[in-house]
Amino acid sequence: MNDMNTVSVPGLEHLSHSRIQAYLNCGLKFRFHYIDHLRPAFVPAALAYGIAFHEAVEEALAGVMVGAMPPVSDLVGVVARSLDQQERDVPIQYADEGGKDALLELASRMLTAWTAWPRPAGRILAVEHSFEFVLAPGLPPVVGRIDLVTEEADAVVLTDIKTAKSRWSSREIDEHSSQLVLYREAVKQMAAEMGKPVRLAYEVITKTKTPVVERYVIERAPDELDRQRAVAQLVRRAVDAGIFIPQPGWACATCPWAGPCREWGRKLANDGDQATLQERPCATTVALGR
Ligand code: SF4
């Protein structure tokens, strides 16, 4: 999608909550990933597991939608196949999470807890509902997928399903809420046609010895979307201007681009400011004036 109201910026061909967060977390990592398209040295096991678990949840909910939750053993099989598939593309770094067998054991415990959890009554409208909308003129379109859309008696409910090391604190619930605020924008028309408000919820399954499933309903102020629009515009302008600032911190320990990051630092030390001024990484394609 690219009309008079949208722009194409290399690295930001579309916006998504995760892509904006990736830029905010470390600009240099964003550049390596989305602009330079450097192959990652590995996939952290926690990330690979999250993707695999999510695929199992998707299969389970698709089963529920047609009347039958698949057995846990089948869902663990989905996790195993996903890990194998991911490993074929890029090696999985299992160091912090044990090996593959430990992850499959964890998946079995978590899926057992999640499938037995008393799900709120409601009609499933969609599983992995894809959306695309324009947040503001001049911005690339926002795209995403909502894990679960249900119709309950008093609301259309958007649910995102997460795995977590432990139960979320109120601070963590707050930190995650911006993602669902974006999702609400994507379905507000559909909900209005159904004559119901939109409710936002997270379903969180802990990766603990005895997994716990909890549902958090998100309440956010109406001006939250304005804030996200402003942040997206700033990120777009920064990417367009070639500003990619590294953010050294705890995330560096599991960064798959730590090698290129060191190279970048060495080049900077050798060449000084000229290096950063001359290596503007991408030519901008703008369909709309700034
Ligand atoms: S090693 Fe750290 S600073 Fe460097 S790109 Fe990765 S996250 Fe960013």
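Histidine 37 sits in the loop between helix H2 and strand E1 (43-44), where helices (H or I, at least four residues) and strands (E, at least two) are DSSP runs numbered from the N terminus. This is a predicted model, in which local features need pLDDT of at least 70, side-chain atom pairs count only at pLDDT 80 or more, and totals for chains, interfaces and linings use all residues. Residue numbers start from 1 along each chain as its sequence is written.

Histidine 37 comes after H2 and has a positive phi, near 55 degrees, although it is not a glycine. Glutamate 128, though, belongs to strand E3 (residues 123-133), and with 15 other C-beta atoms within 10 Å it counts as partly exposed.

As for the chain overall, it holds nine helices and seven strands. Buried residues make up 27% of its 290 residues. Of the contacts with a separation of 6 or more, 74% are between residues 24 or more positions apart; a contact means that two C-beta atoms, placed from the backbone, lie within 7 Å.

Back in H2, the buried residues are Lys29, Phe30, Arg31 and Phe32. They pack against helix H1 (17-25) and H8.

Next, a helix pair. Helix H3 (residues 45-65) packs on helix H4 (residues 72-89) at an angle of about 140 degrees, and their axes are 8 Å apart. Axes are lines fitted to C-alpha atoms, for helices over the stretch in contact, and angles run from 0 to 180 degrees between N-to-C directions. H3 and H4 are therefore oblique to each other, given that angles under 35 degrees count as roughly parallel, over 145 as roughly antiparallel, 65 to 115 as roughly perpendicular and the rest as oblique. On the H3 side, the contact is made by Ala48, Ile51, Ala52, Phe53, Glu55, Ala56, Glu59 and Ala60, and on the H4 side by Leu75, Val78, Val79, Ser82, Leu83 and Gln86. Sorted by class, the contact of H3 with H4 has ten nonpolar, two polar and two charged residues.

That leaves glutamine 233, found in helix H7 (residues 224-240). With 14 other C-beta atoms within 10 Å, glutamine 233 is partly exposed. Setting aside neighbours within four places in sequence, glutamine 233 is in contact with Ala136 and Leu139. Its C-alpha atom is separated by 9.6 Å from that of leucine 135, 98 residues apart along the chain.

How values were computed. Nonpolar A, V, L, I, M, F, W, Y, C, P; charged D, E, K, R; others polar. Buried ≥ 20, exposed ≤ 12 C-beta atoms within 10 Å, placed from the backbone.
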